[in-house]
Amino acid sequence: MLKKWLKYICDPIDKTNLEFLEITKNKGNDVISGTLKSKSGHMYKIRNGVPILINNFTQSTSSVESFAYEWNTFDFDYGKNGWIQDIVKPVVGTTRYFKNKIIVDCGAGSGRQSLWMAEAGAKFVFSIELSDSATSIVKKVTNKFKDKVFVIQADIAHIPIKINIKPDLIYCVNVIQHTENPLKTTIEMAKLLDISSDFLFNIYMEKGRKLFLTLLSFIRKFTKHIPHVFIKFISFLITITCFILLYIPIISSWIKKSLPVKSSFKETWLDIYDILGSHKYQKFYSDAELGQILKKARLKIIKRSKYAMLLKMI
């Protein structure tokens, strides 16, 4: 992290200011390792250039270990076209939408969407990820966008960004269903918005998937307890089976409705791994439950597509 970025972040729990207690390694103004201390006395490490702003009050990294494995072992140099077609185009038009925006990417995962938004001309991107894959994101941004992508390891239910920083966009697509308290998490993200800010959002929905979700619940009783590499292999086999069954008309419509089958084999494989993974939290929501979350977070839907929705403050 660059020294000058300290002014943007705070203690994730009590929101007090942070200061450098020690810097053990740096390259000029880039802090590689060290310790941060909040005014309230909490200590946080900096490792591999990433401030690790988690403690006993935040969601544990162990709850998302399967995602860390996913982001660090899957090949993610693909999928940009699918992201544009599924997320960007239906809701905000083109990637020009991101130009000159200050963006908070909540649940950055592999970091690829943070990178794509930076490539599209974003002014600055806070790339927040709970899992240990945060350090791999740094490796990707070091050469291209190290001056405008700030990678932070943190829990998005306790966002360590100062409340006076009002981003142009909060980006959180298919993340909060994997958090301990999705309502609390959504409210926390919404605190960063002002009247002109946008919120690009999505959550797993249960509509038309009752049979599938019953089957998934049974399967996850087993996949939650097996090594990640086996889940990767099982999801690979399921993906192959799905693409074969798509040629059977009586079954294909059910598969398309139940599973995240997309045009890209790799993207489908990734999404199936997501829902089978051994992560601790996962839930699919009804329209009524989504409505309650948005109402309590004081958010409204401006535009909605199959894979994303654009929200604003009420």
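Trainee: How many disulfides does a search of the whole structure find?
Mentor: The search finds 0. A disulfide is a pair of cysteine sulfur atoms within 2.5 Å. This is a predicted model, where local features need pLDDT of at least 70, side-chain atom pairs count only at pLDDT 80 or more, and totals for chains, interfaces and linings use all residues. Residues are numbered from 1 along each chain as its sequence is written, and side-chain values use heavy atoms, with hydrogens and water left out.

Trainee: Why is C106 called buried?
Mentor: C106 has a relative accessible area of 0%. Buried means under 20%, exposed over 50%, and partly exposed in between, with a 1.4 Å probe and protein chains only. C106 is therefore buried. C242, at 5%, counts as buried too.

Trainee: How do you know that N81 counts as exposed?
Mentor: Its relative accessibility is 54%. N81 sits in helix α2 (residues 80-92). Helices here are DSSP runs of H or I with at least four residues, strands are runs of E with at least two, and both are numbered from the N terminus.

Trainee: Why is Q282 called buried?
Mentor: Q282 has a relative accessible area of 19%. That is under 20%, so Q282 is buried. Q282 lies in the loop between α9 (265-276) and α10 (287-296).

Trainee: Which residues does Q282 touch?
Mentor: Leaving out residues up to four places away in sequence, Q282 touches Q177, H178, Y204, L216, R220, D274 and I275. Contact means heavy atoms within 4.5 Å.

Trainee: Which residues have the most contacts inside the largest nonpolar core?
Mentor: I9, M189, F199 and F201 do, in a core of 43 residues. A nonpolar core is a set of buried Ala, Val, Leu, Ile, Met, Phe, Trp, Tyr and Cys residues joined through side-chain atoms within 4.5 Å. Another core, of 31 residues, lies apart from it, with A120, A134, V173 and L310 among them.

Trainee: What makes strand β7 mostly covered?
Mentor: In β7 (residues 149-154), 6 of its 6 residues are buried. V149, V151 and Q153 point one way, while F150, I152 and A154 point the other way.

Trainee: How do you know that β6 and β7 are joined?
Mentor: Two strands pair if DSSP finds at least two bridges between them. Strand β6 (residues 124-129) and β7 have 5, so they pair. They run parallel. Strand β4 (residues 50-53) also pairs with β7 in the parallel sense, over 2 bridges. Q153 of β7 is the bridge partner of E129, and I52 also stands opposite Q153.

Trainee: How do you know that the span of helix α7 agrees with what it should be?
Mentor: The expected span is 1.5 Å times one less than the number of residues. For the 18 residues of α7 (residues 228-245) that should be 26 Å, and the end C-alpha atoms are 26 Å apart.

Trainee: Which residues are buried in α7?
Mentor: I231, K232, S235, T239 and C242 are. They cover an arc of only 100° around the axis, so they are on the same side of α7. The arc is that of the directions from the helix axis to the C-beta atoms. F233 and I244, on the other side of α7, are exposed.
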